[in-house]
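Trainee: Please take one part of this model and go through it closely with me. Then show me what lies around it.

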Amino acid sequence: MYRKLTNVWVAVCAAVLLAAAPAVAQDAEPTPFFMTFVPNIQFAQMYIGLERGYFADAGFDLELEYGNEPDGVELIALGQYDWGLIAGEQIIIARANERPVVSVYEWWQANPIAIVTSADSGIESPADLEGRRVGVPGRFGATYSGLVAFLDANDLSEGDINLQEIGFNAPEVMCVGGVEASAVYGNNEPLQIARRVEAGDCDAVSEVRVFTVVDEADLVSNGLVTNDALVAEQPERVAAMVAAFDMAVADAVNNPFEAYLLSAPYVEGLPLSDDLRAALEAASEAQIAFLADDPPREAVAEQREAAFAALQEQFPSGELLQLEVLMETVKLWDAERLGLAEASSWALTQDTLVQMGFLDDPIDVATAFTNDFLPE
């Protein structure tokens, strides 16, 4: 039973937190926590953890700091930051360069990278990408490695396509016909393109078609990261952070409507009219009542989708875009056991980095992650 598992986690987490956090949050030193990108609904679990006091109860006075991922990796490796949200491929590259960073919780259970195209592009299968103009933000990061792995899984290589570096502008470039397909975050950009199509603001796309990388290659995505020193010297502190983070992720998966409401103070411009707030509060209350009966994980997913479908009947798609992004995102966090890392995914990610030339010699990839701190 999915909710029963969550209740077990809460009980274990509470015990861990009591043992691991000798100081209450108001007595704790402010703790910088590195975040990539900018404040965004896709970081809902962080905002839940702050609003519900999960991090504070664990003894952490977190200060979210947003910046460039390579900078975050370096700061964590040097011990200037203890925590951050970092992509798996960056951890492998960092360890190959003797940076002692380690993933302690696999936040994204499914890699979000996808290939988006138009339904009338003639690209009906991965093989049809051959010779086509395919966009990517640049030859770096998760979208590039995801694209390379996707091509390799379909007996293609970068040389078989006309790769175009377009920055983080896939919706705009796709809609004017600048590329015929693009590597994107599948929980976000395809939705943005679809909304543009609905609004008549996307002449080059008739209907969105998406190929997901995870269906072809199970690459590691983002996780909760710390450094080797903290793992070795303060394991109880790592356990406390992982427990708090885990509770926040579970809350977001179980009740994305409440997660959206709790995120609003942190994400500037997040759509939340009075009517939408009232509807989300009602949906959240209904979700809480549903969870009280300890439904299985599959039923929780069906319930949240049904509740979102009801909201779609009440509000225009543009107003619900960010909630839809969250709905798609929590699907990628959800799993029978949240946070669990699979050795095969890390090995495939390393193989992809070697193929891309980002890694000269493989490392012992088992040192890049650990499941030792996951709540039982």
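Mentor: Start with β5 and β9, which run antiparallel and are joined by 5 bridges. Two strands count as paired when DSSP finds at least two bridges between them. Strands are DSSP runs of E with at least two residues, helices are runs of H or I with at least four, and both are numbered from the N terminus.

Keep in mind that the model is predicted: local features need pLDDT of at least 70 and side-chain atom pairs pLDDT 80 or more, while totals for chains, interfaces and linings use all residues. Numbering starts from 1 along each chain as its sequence is written, and side-chain values use heavy atoms, without hydrogens or water.

Now widen the view. β5 and β9 belong to an open sheet of 5 strands. Read across, the order is β7-β6-β8-β5-β9, and the pairing is mixed. β7 (162–165) and β9 (208–212) are the edge strands; each has a single partner, so one side of each has no neighbour in the sheet. Direction ignored, neighbouring strands here are turned by 30 degrees against each other on average. Such angles are taken between lines fitted to C-alpha atoms, for helices over the stretch in contact, and run from 0 to 180 degrees between N-to-C directions.

Next, follow β5 (113–118) to an opening. Along with α14, β5 supplies at least two residues to the lining of the second largest pocket. α14 gives the largest share of that lining, 3 residues. This pocket holds about 190 Å³ of space. Its lining has 13 residues, and Gly186, Asn187, Thr212, Glu328 and Leu332 are the closest to its centre.

What counts as a pocket? On a 1 Å grid over the protein atoms alone, it is an open set of points with protein on both sides within 12 Å along at least five of seven lines; a cavity is a set where a 1.4 Å probe fits but cannot get out, and lining residues have an atom within 4 Å of a point. Points join across faces, edges and corners, and the volume is the space filled by probe spheres set on them.

α14 (321–333) also turns up at the largest pocket, where it supplies at least two lining residues. So do α4 (69–77), α5 (88–96), α6 (141–153), α7 (170–175) and α8 (189–198). α6 gives the most, with 3 residues. The largest pocket has a volume of about 890 Å³. In total, 31 residues line it. Thr36, Phe37, Glu69, Phe168 and Tyr185 lie nearest its centre.

Strand β8 (residues 181–185) contributes the most, with 4 residues. With a cut-off of 30 Å³ or more, the count is 1 cavity.

Now move to the other open sheet. Here 5 strands stand in the order β2-β1-β3-β10-β4, again with mixed pairing. β2 (61–67) and β4 (101–105) are at the edges with a single partner strand each, so one side of each is left without a neighbour in the sheet. From one strand to the next, the twist averages 35 degrees.

Look inside this sheet. β1 (residues 30–36) and β3 (residues 83–87) run parallel and are joined by 2 bridges. Phe33 stands opposite Trp83 of β3. Pro32 also lies in β1. Beyond its neighbours within four places in sequence, Pro32 is in contact (heavy atoms within 4.5 Å) with Glu63, Glu65, Gln80, Tyr81 and Trp83. Val176 is another matter: it is 144 residues from Pro32 along the chain, and their C-alpha atoms are separated by 41 Å.

Last, the helices across this sheet. α2 (residues 44–51) lies across β1, β2 and β3 and runs at about 155 degrees to β2. α10 (residues 235–254) lies across β1, β2, β3, β4 and β10 (222–227). Its angle to β4 is about 50 degrees.
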